[in-house]
Amino acid sequence: MSIDNDKLMEFVGRFAGDLGATVAAGSIVLGDRLGLYRALAQGPATGPELADRTGTNARYVTEWLRGQAAGGYVEYDATADRYSMTEEKAFALTDPDGPLYLPGAFELALGTLEALPRMQEAFVTGAGLGWHEQDTQVFTGCEKFFRPGYLAHLTTEWIPALDGVETTLNAGARVADVGCGHGASTVLMAQAYPRSTFAGSDYHDGSVAAASKRAAEAGVSDRVSFEVAGAQSFSGTGYTLVTTFDCLHDMGDPVGAARHINSTLNPEGAWLIVEPAAGDSVAENLNPVGRVYYSFSTLLCVPNAMSQPGGYALGAQAGERAIRQVCTDAGFTRFRRIGETPFNLVFEARV
């Protein structure tokens, strides 16, 4: 065997970065839960000073800060032995109600890894693993990861891009949010369009309970309802808008879901489809975002689809062509991309 030492060391360097990032996920979640990022954003601090601000142990916090500085998440002034955050990093790490909030992604990742023993078995047997069987951090992390993007784009860009839909919602219409999870998207729409009513559905009863609580806390329960139901069987008809946010690719029968959505829309209705950003080929997805989504897809999306009847397992990197085909097979005759972000592609489908 002939080994190119430069290529080997290049790969070892990649390994070191990956290992550090993997272990750092726990520290990032701790920094979020303990308020360490938010406290550091208030001004530079030594380890003991930050510990004093947050009511935590100075030795632990000092080691945490050193690791965060090594990973580039905080800044280090060696002369003063003090740490700080740039405005950009504080923007991304401290505000769960802002348009970008990264710690939720690491909570989602840690929850996903809890399923490794069962996934090891599934790789051999081909069995599925349902969303409802995942660790609770998967549900909370998913909400924290995706909600900021919806907050930034849903009612300001995506719905306005749908032909004629926003005018109807402002006047009063019926909306179904399918696969609503904890109801982040449902509540955001209800807050933006107070004359419309919203029906969220999800097959996971725990998520539906959380969604109902979120709606009550937001003061929109009078116009928002939730039910435990799959995408192929949620109730109601005559909807002006049906939405699916980052969930179509998780379904074992996305065509069946699409056909049911088709049957529930009124003649002028639209289906808003938000899916992970992806190209149509594997080669197009060999990039950092594709790596993130393929990894989550291996442990979350494909196993969920394989746990359900239908014969599909699109995966998180399905791409526009595959989503278009699902819509066409379900009887939709119009399909177009109406938006995109670094993490999502957004489509409109109509009969």
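Trainee: With which residue does Arg33 form a salt bridge?

Mentor: The model is predicted. A salt bridge here needs a side-chain nitrogen of Lys or Arg within 4 Å of a carboxyl oxygen of Asp or Glu. For Arg33 the closest N and O atoms are 4.0 Å apart, and the partner is Glu107.

Trainee: Across the interface of domain 1 and domain 2, how many salt bridges does the rule find?

Mentor: Domain 1 covers 5-92 and domain 2 covers 102-350. By the rule, the chain has 17 salt bridges in its count. Across the interface of the two domains, the number found is two.

Trainee: Which helix gives the most residues to the side of domain 1 that touches domain 2?

Mentor: The contact takes nine residues from domain 1 and eight from domain 2. On the domain 1 side, the residues divide into five nonpolar, one polar and three charged. The element giving the most, with seven residues, spans residues 5-33 and is helix α1.

Trainee: What is the area buried between domain 1 and domain 2?

Mentor: The centres of the two domains, taken over C-alpha atoms, are 33 Å apart. Carbon and sulfur atoms give 61% of the area buried between them. That area is about 820 Å².

Trainee: Which three residues supply more than any other three of the area that domain 1 buries against domain 2?

Mentor: The share of the three is 41% of what domain 1 buries against domain 2. One of them is Arg33, which also forms the salt bridge with Glu107.

Trainee: Is the aromatic pair of Trp271 and Phe332 stacked, edge-to-face or tilted?

Mentor: The structure holds eleven aromatic pairs. In the pair of Trp271 and Phe332 the centres are 5.3 Å apart, with 45° between the planes. Planes under 30 degrees apart would count as stacked and over 60 as edge-to-face, so this pair is tilted.

Trainee: Why does the pair of Trp271 and Phe332 tie together parts that are apart in sequence?

Mentor: Trp271 lies in strand β7, residues 265-276. Phe332 lies in the loop between α14 (320-329) and β8 (334-340). The pair therefore ties together parts whose separation in sequence is 61 residues.

Definitions and conventions. Residues are numbered from 1 along each chain as its sequence is written. This is a predicted model: local features need pLDDT of at least 70, side-chain atom pairs count only at pLDDT 80 or more; totals for chains, interfaces and linings use all residues. Side-chain values use heavy atoms; hydrogens and water are left out. Domain bounds come from an automatic or database domain assignment. Contact means heavy atoms within 4.5 Å. Buried area is the accessible area (1.4 Å probe) that two parts lose on being put together, summed over both. Helices (H or I, at least four residues) and strands (E, at least two) are DSSP runs, numbered from the N terminus. Ala, Val, Leu, Ile, Met, Phe, Trp, Tyr, Cys and Pro count as nonpolar, Asp, Glu, Lys and Arg as charged, and the others, Gly among them, as polar. Rings of Phe, Tyr and Trp (its six-membered ring) pair if their centres lie within 6.5 Å; planes under 30 degrees apart count as stacked, over 60 as edge-to-face and the rest as tilted.
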